[in-house]
Amino acid sequence: MRILITGAAGLVGSHLTRRLALEHDVLALKHGDLDITDRHAVQRCVIDAQPALIINCAVVQVDESEQDRAKAQAVNVDGAGYLAQAASDLGAEIVHFSTQYAFDGEPIGRAPYTIEDEPRPVNNYGRTKLSGEYAVRGACGRSYIIRTSWVYGSGKNSFLCVVPRDLRSGNTVRAIDDIWSSTTYVNDLIDRAMAIRAAGRYGTYHVVNEGTCSYYEFALEAGRLQGLTPAQLEPLIEITRERDMKRIAVRPRYTPLRCLLSEQIGLAPMRDWRAALADYVKTGTATG
């Protein structure tokens with residue numbers, strides 16, 4: 001199958017490219033290869049490539065979306081819509097990645113969000129990603145929207161990606177303890193996304209590992225998996241609050257997800273976040 005992947009330089013895009021290239025003809029495009037905010041460039045690229053499947057991983061991230069709203073609109077909304085329209089014109093399918101930031105995260109302790117819950121984003125990233133979902137669905141009936149949360153894996157320097165390595169090296173980390181969500185190991189995300197596509201039921205999916213944790217709880221588990229005792233971990237993990245991080249965009253406080261559509265098509269629940277993290281640590285990619 002011919003697959004076109006946008007946002008191929010990012011965490012999800014790069015892992016998807018490596019995995020799918022083992023079995024498929026993959027055209028992996030970074031921003032320098034294709035500016036998805038250029039409608040005509042998107043149309044030309046898709047016509048030339050003739051993919052059966054487009055996977056959109058291109059994104060303007062959370063704080064940048066707050067700082068540069070025009071760019072966030074162009075990439076997260078307009079570009080996603082252009083890709084979906086090009087897929088529709090060609091008769092192709094599109095997988096579009098979205099986010100738990102579609103929801104407001106209130107109250108703490110609530111049931112996990114499903115597609116039956118009304119989206120209420122609290123930052124511009126969430127608003128533009130939600131609008132991007134509408135743009136994709138409106139342009140292409142053969143679309144899979146995959147909302148995911150706190151994705152980690154090798155090849156990125158985010159907290160979740162590097163905290164196992166940092167703790168093993170004896171480095172001090174700062175971990176937020178008053179925001180909770182679902183975490184998602186990138187390998188599990190790709191496995192489930194491909195299972196969803198193979199099932200052939202278009203719709204909106206929530207793809208995350210089971211369970212809920214804070215950054216602090218994730219760090220504690222990462223340290224435990226490295227063989228560190230609570231006494232050894234205590235001086236290495238500095239607990240902090242979200243407000244003290246002084247990040248540009250506000251974050252929702254409690255956004256675990258649950259996928260009703262996966263259950264309806266017979267897909268088993270995703271494995272628990274601790275098991276996924278253990279796999280990440282065991283492979284060595286988290287500690288090398």
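At 62% relative accessibility, His31 counts as exposed, where exposed means over 50% relative accessible area, buried under 20% and partly exposed in between, with a 1.4 Å probe and protein chains only. His31 sits in the loop between β2 (25-29) and α2 (39-49), the helices (H or I, at least four residues) and strands (E, at least two) being DSSP runs numbered from the N terminus. From His31 to Thr204 there are 173 residues in sequence and 26 Å in space, C-alpha to C-alpha.

The model is a predicted one, in which local features need pLDDT of at least 70 and side-chain atom pairs count only at pLDDT 80 or more, while totals for chains, interfaces and linings use all residues. Residues are numbered from 1 along each chain as its sequence is written, and side-chain values use heavy atoms, with hydrogens and water left out.

We turn next to the empty spaces. Rolling a probe the size of a water molecule over the atoms shows where empty space is left. On a 1 Å grid over the protein atoms alone, a cavity is a set of points where a 1.4 Å probe fits but cannot get out, whereas a pocket is an open set with protein on both sides within 12 Å along at least five of seven lines, and lining residues have an atom within 4 Å of a point. The largest pocket has a volume of about 1,100 Å³, a volume being the space filled by probe spheres set on the grid points, which are joined across faces, edges and corners. Its lining consists of 46 residues, and Val59, Gln61, Val62, Tyr125 and Lys156 are those that lie nearest the centre. Elements that each supply at least two residues of this lining include α1 (11-20), α4 (69-90), β4 (93-99), α5 (124-139) and α6 (159-168). By class, the lining of the largest pocket holds 23 nonpolar, 14 polar and 9 charged residues; here Ala, Val, Leu, Ile, Met, Phe, Trp, Tyr, Cys and Pro count as nonpolar, Asp, Glu, Lys and Arg as charged, and the others, Gly among them, as polar.

The second largest pocket contains about 270 Å³ of space, and of the 20 residues that line this pocket, Glu210, Leu257, Arg258, Cys259 and Glu263 lie nearest its centre. A search of the whole structure also finds 1 cavity of 30 Å³ or more, which is lined by Arg39, Gln43, Tyr82, Gln85, Ala86 and Asp89. Helix α4 gives the most to the lining of this cavity, with 4 residues.

In helix α12 (residues 273-282), the buried residues are Trp273, Ala276, Leu277, Tyr280 and Val281. Seen down the axis of α12, they fall within an arc of 140°, so they line one face of the helix, the arc being that of the directions from the helix axis to the C-beta atoms. The elements against which they pack include α6, α7 (186-199) and α8, with contact meaning heavy atoms within 4.5 Å.

Tyr254, in strand β13 (residues 254-255), is buried with a relative accessible area of 13%. Its C-alpha atom is separated by 4.8 Å from that of Trp180, 74 residues apart along the chain. Leaving aside neighbours within four places in sequence, the contacts of Tyr254 include Glu106, Pro107 and Trp180.

Some backbone angles deserve a look. Most residues other than glycine have a negative phi, and most peptide bonds are trans. Glu106 and Pro107, however, are joined by a cis peptide bond with omega about -5°. Trp150, buried at 9% relative accessibility, has a positive phi near 45°.
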